[in-house]
Amino acid sequence: MEILRVEGVNKSFGGLRALNNVNFSVEEGDVHAIIGPNGAGKSTFLNCMIGRLAPDTGSVMFGDISLTGMKPYEINQVGVSRVFQTPEIFTDLSLWENIMIPTMAKRDGVFALHAFKRLDQDKEILDKSMHMLEEVGLADKRTVIAGSLSRGDKRRLELAMCLSQDPKLLLLDEPTAGMSRADTNNTIDLLKRIGDRSITKVVIEHDMHVVFSLANKVTVLAQGAIIAEGKPEDIKGDPRVQEAYLGGAHL
Amino acid sequence: MFTKTSPALDLVYFLVFAAAVLTMPIWLAPIGAGYPDLLQKFAIFGLFATGFNILFGLTGYLSFGHAAFLGVGSYTAVWSFKLLGMNPIPAAVLAVVASGVFALAIGYVSLRRSGIYFSILTLAFAQMSYNLAYSVLTPITNGETGLRVLESDPRILDGGGATDGPLISNLFGIEMTGYAGFYFCAVVLLIGFFIAQRIFRSPFGIMLRAVKTNQNRMTYTGLNPRPYTLAAFVISGMYAGLAGALMCITDPLAGAERMQWTASGEVVLMTILGGAGTLLGPIFGAALIKYFENIFSAFNEQTLHEIFGFLPDFLEAPVVAVSGLFVGEGWHLTLGVLFMLIVIFLPGGLMEGFARIGRVLKRSSNKSEKSGSATAPAE
């Protein structure tokens, strides 16, 4: 079943055509990677999907819901979470608090004026967020201030924040950018592990090692247009992809 | 900042604070601050700063126009005296409502921007209110003379008409001056502190801290930061309005100078000096500034000569001349120096200073315990 359908999306910045009539769909349960050389329009594409940028024309449908024109927090509330290229976390708060916030957002909605409830008495939130921390292996660091974590742990925390909301669709923008090999492998393991939960994932990635160890479908973007789509093994051998992406070198 | 919290701990915290506030006339007497006028100021400005801290300390939005709400609260309170009577309770309630509505309007516009632009917008609104109070709004504010209660005012609940003696706010016969006035302000401060404490521990409070830390992540977590900041702005505006009402309850006269930008700046100083984002810090900051204002400004050459009288004459004259710059009219200089020292060496304000002292004491007591055993490992 299709979970996300993008139709005829165009986006220009001044004279630069960043996205050129992109049609794209994601099947439920897939890990769908979007690859492409620098400046291919991958991030623009993701930003159009998540409401950070409004596409000039075209539509983005999430199930029956049109995401075009929706605010980022509304898009999140219908079940789409996003992981950023540089981890976006609440750096001044403890890890536990970092997880409590999305857990509460999931339960209480876009805005709730619970000014007189005690957070430390809210068993549901405390237990859920603690459980999430245990799941990603950060439970013993729960009182640590998030800003002091290593890059890999920050990424892990951000993922946990997204997962605590049980999203239907998870968008990952270069989840391993700037990470050491060990951190990259940890992140891949974590993403594989959460794959069991049948969360559909769209991954934008540079690192071929990550793409081929995670994705079961790959879309190749070059100069704002889709040039190939298919199973990872097919994409590897596609001459057009090699031409566009690697200038003809073998993968 | 992660500290273990629990309702029981908070209750203890609150009770200790309440005891300290209510016994202020006793323990502040030895340092010359035990007189009612100053104590009232401690409570009023403590409340003002506590409210300001809910906005600035939690969300990080620096409002430079909070004095406007102080003014709105004051005028509302005096109007309540004039129309309804000298009871402080309707005055306080109406002041909170009026300043809340006012804050909603200003906040709705100002919060469209953040950072320095937000500060400038609030400053502009406050200066606008200040100037309007002197010009167009004179029928409501009575301009430069200031708004006061007159014998001829209706004062419905009091029955109106002439009274013997001056018109002073009174709570069922207790006049709100002197120590009675202080205790009224202190009780209001305690209520305000209690509410602030609950906000700090609430889901709402943590959302406000999330606003300060990362609005981008917040939006992508399904939360709209705007209503959160607006709610914080309105709540802190209400605190300011209540503080303004208390000023009039202890002295029923409202003037526009209360809304000047220097008053807005003062509450910023109080909060930063004490420690933004901490519960007690702003109250300490407010007390310290008001103490300096009252004590140091009262010093003159004569008192300095008395203090330094023990020095030989050739030393006494220059010492008095130099220290004279820091007292009397020059007390702002003392405050400025103190503020600089704190911001440079204790960015977390007085509360950070207390925390450091606490840690040093803890470490030294640990050391003295450990020194008994020879195998104590070095840290």
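Q: Which residue is the bridge partner of Ile34(A) in β9(A)?
A: Strands are DSSP runs of E with at least two residues, helices are runs of H or I with at least four, and both are numbered from the N terminus. Two strands pair if DSSP finds at least two bridges between them. Here, Thr219(A) is the bridge partner of Ile34(A). Strands β3 (residues 31-35) and β9 (residues 217-222) of chain A run parallel and are joined by four bridges. This is a predicted model, in which local features need pLDDT of at least 70 and side-chain atom pairs count only at pLDDT 80 or more, while totals for chains, interfaces and linings use all residues. Residues are numbered from 1 along each chain as its sequence is written, and chains are lettered from A and ligands numbered from 1 in the order in which they are written.

Q: What is the order of the strands in the open sheet?
A: In chain A, the six strands follow the order β6-β7-β8-β3-β9-β10, with mixed pairing. Because β6 (80-83) and β10 (225-230) of chain A each have a single partner strand, one side of each lacks a neighbour in the sheet.

Q: How many residues of chain A are in contact with chain B?
A: Residues are in contact if their C-beta atoms, placed from the backbone, lie within 7 Å. By this criterion, 33 residues of chain A meet 27 residues of chain B. On the chain A side, α2 (72-77) and α3 (95-108) are the elements that give two or more residues; α3(A) gives the most, with seven residues.

How values were computed. Contact = placed C-beta atoms within 7 Å.
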